[in-house]
Amino acid sequence: MTVNIKSIRSFPIPDRWVVHSYYTLNPYAPDGSGRILCAGCDPDSGIGEVMILDPDGRVIDRFGRQKVSTIFYHTGFWQSWSPDGKGVYFQSSDGDVLHPRVTLHDLTDGRDYTIDADMEGTPSNSDRFMYGLSGMYYAAGYADGCYHPELSPIPFTARDRHGLFRASVKENTNELVISVEQLLELHPLRDRLLEADRRVDGGLTLMVYCARYDRTGRHIMFHFGNHCTDKRRGEPKVMSLYTADCDADGNISNLHCALDMSYDGNGVHWSWANDDSLLGYYKYNGKGVLAGIDADGQNLRILSDGTPYGGHPSVSPRDDRLIVSDCASDGQGKVCFLYDGEPVDEVRLPKYDHSVGEIPRGRNRYYVCHHPVFNADGTRVLCNTLPGRCAELCELEIGY
């Protein structure tokens, strides 16, 4: 198969550093209007906002003005469409990870509705959403490699109080669905983890994080473990993928520990390939590969043994044999297309602002992740790029 990249368009916004949300979320409006959801900030003042663009990249709406944290330069405000396309959800903590909030902006009347909650995207079929507290993995060491327990929204040791939450802005509800304590009891390496927990001063920084819906909204995947840690604490790597079915009311069933990569395993950027399997980067026999696994934990398989393609992989909704991913290359970046695991095309895109010299560590305005994401019918891919002082969106039109 040949992928035909029919056009490449950039959508610069004056005086705004812009990103779409994340590669697991569709930034294109669900009503088929072609509107694009993104977030931008003034990189000097650190004030950002959610924006809606028309299909040609012109700003047609702005709202949610607030201070940004370093998280913004990776995922914006996790802005996500409501199922009917008449509203937008976004994180509204005003730069404060200790007190996460979620706002629903009603596009029909411009009103905002806010609750105390967190999110990393909402499902396509429901106004109830599930999440883990994203501030916890930053407190564990994600951004700078340092342990900051005082920045955790809930203490790591209070394992009966945090885990997978369910919330609704419209209903003003927020509740814990399954706790870290319960997931630890179900874990296949429970005894080994409890032994390590006793050895580490302050205990393991276990949490639920990176909850990801598939495109139907009927299935959810979430991570259990410690994601990134402060190496000085001697904390072992713990990472497991749990999957579950979920209905429009936010009830979960059919819970599985689909894949455990603790201790000797390794892997990142796991998400849904389709409604019954996962896709991600996996360390296999000492080599990084793209891999898939069924949601029930069966049938682990290698999809591509090329380590350059292990960035942020996702499957085309038009043809599930086609994968788009991204990676760094020659000091910049590129977006790659693979068919049946073999590269078929690529586009080089700017990723770093080298004018500052050495790129600072952690999330910052001097680099982007391309985070390529397909639209609903697989004919367009939206990417983040950094061609100069400000990041901007870039759209690839795909022919088959």
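How many helices and strands does the chain have? Colour by secondary structure and you'll find 4 helices and 27 strands. Keep in mind that this is a predicted model.

Stay zoomed out for a moment. The radius of gyration is 20 Å, close to the 21 Å that the globule rule gives for 400 residues, so the chain is as compact as a globular protein of that length. Line up the principal axes and the C-alpha trace spans about 55 × 50 × 45 Å.

Buried residues account for 57% of the 400 in the chain. Next, pick out the charges: there are 40 positive and 56 negative ones, and their mean positions lie 3 Å apart.

Time for the aromatics, which form 19 pairs in this structure. Select Phe 63 and Phe 90: the ring centres are 6.0 Å apart and the planes sit at 50 degrees, so this pair counts as tilted. It ties together distant parts of the chain, with Phe 63 in strand β5 (residues 59-67) and Phe 90 in strand β7 (residues 87-91). Both Phe 63 and Phe 90 are buried.

Hop over to Phe 222 and Tyr 242 for a stacked pair, 5.6 Å centre to centre with 5 degrees between the planes. Here strand β14 (residues 219-225) supplies Phe 222, while Tyr 242 comes from strand β15 (residues 239-246), 20 residues apart. These two, Phe 222 and Tyr 242, are buried.

Last stop: select Trp 17, Phe 72, Tyr 73 and Phe 77, which form one aromatic cluster.

Key: Residues are numbered from 1 along each chain as its sequence is written. This is a predicted model: local features need pLDDT of at least 70, side-chain atom pairs count only at pLDDT 80 or more; totals for chains, interfaces and linings use all residues. Side-chain values use heavy atoms; hydrogens and water are left out. Helices (H or I, at least four residues) and strands (E, at least two) are DSSP runs, numbered from the N terminus. The radius of gyration is taken over C-alpha atoms; the globule rule is 2.2 Å times the number of residues to the power 0.38. Buried means under 20% relative accessible area, exposed over 50%, partly exposed in between (1.4 Å probe, protein chains only). Lys and Arg count as positive and Asp and Glu as negative; His and the chain ends are not counted. The place of a charge is taken as NZ of Lys, CZ of Arg, CG of Asp or CD of Glu. Rings of Phe, Tyr and Trp (its six-membered ring) pair if their centres lie within 6.5 Å; planes under 30 degrees apart count as stacked, over 60 as edge-to-face and the rest as tilted.
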